[in-house]
Amino acid sequence: MMARFRQNRWFEPALIALIIIIIGLVLPSTYYFRIATLVLIAGLSATGLNLLLGYAGQISLGHAGFVGIGAYAVAVLPAKFAVPSLLAIFCGTLVSGVVALIIGRPILRLKDHFLAVATLAFGILIAMVLNNEQWLTGGPDGMAVSRIELFGIRIRSAQSWYWISGTVLVLAVVLARNLLDSSTGRALRALHDSEVAARSAGIDVARIKSIVFVISAVFASLSGSLYALFNGHVTPDIASFLNSIEIVTMVVLGGMGSLSGGLVGAVILVVLPQALSFFHEYEHLLLGVLMILILVFMRAGIVPTLAARWARGRL
Amino acid sequence: MNLLSVEHLGISFGGVRAVDDVSFSISPGEIFSIIGPNGAGKTTLFNLISGVYRSDMGRVTLRGDDVSRLPPEALASRGLARTFQNLQIFARMSVEENVMVGLHRHETRNVLAHLLGLPSVMAENRRTRDEARRYLDMLHLRQVADEVAGSLSYGELKRLEIARAMASRPDILLLDEPAAGCNPTETAEIDEIIVSIARTGVAILLVEHDMKLVMGVSDRVLVLNQGRVLAEGAPDEVARNPSVIDAYLGHDKGAAGGDHV
């Protein structure tokens, strides 16, 4: 009964929506809303990368590049070209999608560490452009992002951004769930396990990889746009290698091939540094040790490991 | 008319002719077997026909069209399906989903509809699942349909490979050692399945070590040795061929306790 319920494609998005609503109702202050919003925004790019890395098994160490494109689209276009912010978000996703489509075809023919290095190079390239094109991006100091206006109201409060990001994230999870529950979704999971068998079953592996790369790039770009609009300021750090690694870590830590796993990873990577800041100098050390422990004792990631234990406990 | 024709097919790996000047053809509903000692080039020949490798000599035609240069996915969409000797299972997916992937070529490709989860996609999922279950029934896998494929026994995985290949509704099915590593009961079961598939008009190209299985089910047999055709004909004809006995059947006599069982 419970298992059948859990298989329903609305179960996971509904559960995530419920948790977001409850947390939104109990958070005590703007400070907590800020952190929670950062979790939701990170969760969006983690959801996209989970489709690519967790389900299709294709690594990308350059996804922060797409986050950077999305962030700078809402920073640059309104400031320099008087494009409305909403349209700028759309332009950012369009550019990210097209770039992913163009570079995806040749890059995704590579496998494993070759693919890792190629995507890494792409991310670094974007970060370099953002750093060097001072006239457009403000260089290493970054630039201010004008606030977005919806129905004539200027949106600034962390609370508003929490609800906006929450809505976007739940919609993204619904789309991802739908995709997974279709022939495209089965194909991308199949090519993860055996590319030769997938091809022999008639799956155009190059096409499926390219589709999932574009979707994950669009999600990352959207998350970058949300971040920039929420934060009011962007720097090239958003497209840095470190940020790419952080998104990958969210997926691996929380659970490859589990949408809620990626979100749990986002919670850990955003909240833990804040919680550990109490320990000042030891913050990074503790964070590192904790991640190693999780990966040693929960190899499949937090959510899949716990789900398996839960299922065995019930049987 | 011939469904599949192989004409003077060959490939070299680093100067070694793994497959050399092999020709044969198969018609619908026929069971055609390829036998030969280990390293004779049987699996290489399979990989050439199914598009995994590209030949450097000769050609393969399917219903008269040259398909030698086509990738595996293009061959699959022309009705050629295969199984793998070294099990290529989608281990993290359920048994049922494995077979559903087999039906991929009959499903829609509209990604936008898939993302939106339109009612038509849900209806398609149901149709695909229903059809997948028919193949699970056919290969006696229905009771493990919801298990993770990686948890199945070896014999079950062998049958899952066949179920997935059958799900693409092929005109020609390539089976690479479907009974290897199976016990006599499982082998007899696979034997029965192969015959029943051929009876529906599907041509079967079989590579097999199990001589009893090959001689029992095959309409014609081709013997491969060191990449070349040694003999071709009806099973009993081939079994009496002196050079075949020398190269293959006699192998056990010559080297008792040889390299394979």
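Reply: A pocket is an open set of grid points with protein on both sides within 12 Å along at least five of seven lines, and its lining residues have an atom within 4 Å of a point. The model examined here is predicted.

Me: Which residues lie nearest the centre of the second largest pocket?
Reply: The second largest pocket has a volume of about 640 Å³. Its lining comprises 25 residues. Those nearest its centre are A:Leu38, A:Tyr227, A:Ile238, A:Asn243 and A:Glu246.

Me: Which elements of chain A each supply at least two residues of the lining of the second largest pocket?
Reply: By class, this lining divides into 13 nonpolar, nine polar and three charged residues. The elements of chain A that each supply at least two of the lining residues are α3 (30-55), α11 (205-231), β4 (233-234), α12 (241-254) and α13 (259-276).

Me: What area is buried between chain A and chain B?
Reply: The contact takes 27 residues from chain A and 34 residues from chain B. Carbon and sulfur atoms give 56% of the area buried between the two chains. That buried area is about 2,800 Å².

Me: How many salt bridges does the rule find across the interface of chain A and chain B?
Reply: Side chains of opposite charge can pair when their charged atoms come close. Across the interface of chain A and chain B, the number of salt bridges found is four.

Me: Which element gives the most to the side of chain A that touches chain B?
Reply: Across the interface, 15 residue pairs are in polar contact, both residues being at pLDDT 80 or more. On the side of chain A that touches chain B, the elements giving two or more residues are α8 (158-180), α9 (183-193), α10 (195-200) and α11 of chain A. With eight residues, the element that gives the most is α9(A).

Me: How do the residues of the side of chain A that touches chain B divide by class?
Reply: The contact takes 27 residues from chain A. By class, they divide into eleven nonpolar, eight polar and eight charged.

Me: How many residues apart are B:Arg228 and B:Asp20?
Reply: The count of salt bridges over all chains comes to 23. In one of them, B:Arg228 pairs with B:Asp20, the closest N and O atoms being 2.6 Å apart. This pair links distant parts of the chain, with B:Arg228 in strand β10 (residues 228-233) and B:Asp20 in strand β2 (residues 16-26) of chain B. Their separation is 208 residues.

Me: Which elements give two or more residues to the lining of the largest cavity?
Reply: There are two cavities of 30 Å³ or more, and the largest holds about 60 Å³ of space. Its lining draws on both chains, with A:Ala197, A:Ser200 and A:Ala201 alongside residues of chain B, including B:Ala81, B:Phe84 and B:Arg164. By class, this lining has five nonpolar, two polar and two charged residues. The elements that give two or more residues are α10 of chain A together with β6 (80-82) and α6 (154-167) of chain B.

Me: Which element gives the largest share of the lining of the second largest cavity?
Reply: About 30 Å³ of space lies in the second largest cavity, which is lined by A:Ser200, B:Ser50, B:Pro72, B:Leu75, B:Ala76, B:Leu80 and B:Arg82. The largest share, three residues, comes from α2(B).

Me: Where does B:Leu87 lie?
Reply: Although B:Leu87 is not a glycine, it has a positive phi of about 30°. Its place in chain B is the loop between β6 and α3 (95-102).

Me: What is the phi of B:Arg169?
Reply: B:Arg169 is in the loop between α6 and β7 (172-176) of chain B. Although B:Arg169 is not a glycine, its phi is positive, at about 50°.

Notes. Residues numbered from 1 in each chain as written. Chains lettered and ligands numbered in written order. Predicted model: local features only at pLDDT ≥ 70, side-chain atom pairs only at ≥ 80, totals over all residues. Heavy atoms only, no water. 1 Å grid on protein atoms, 1.4 Å probe; cavity = no way out; pocket = protein on both sides within 12 Å on 5 of 7 lines; lining within 4 Å. Points joined across faces, edges and corners; volume = space filled by probe spheres on them. Helix = DSSP H or I, 4+ residues; strand = E, 2+ residues; numbered from the N terminus. Nonpolar A, V, L, I, M, F, W, Y, C, P; charged D, E, K, R; others polar. Contact = heavy atoms within 4.5 Å. Buried area = accessible area lost by both parts, 1.4 Å probe. Salt bridge = Lys/Arg side-chain N within 4 Å of Asp/Glu carboxyl O. Polar contact = N/O pair within 3.5 Å; in protein donor to acceptor, adjacent residues only side chain to side chain.
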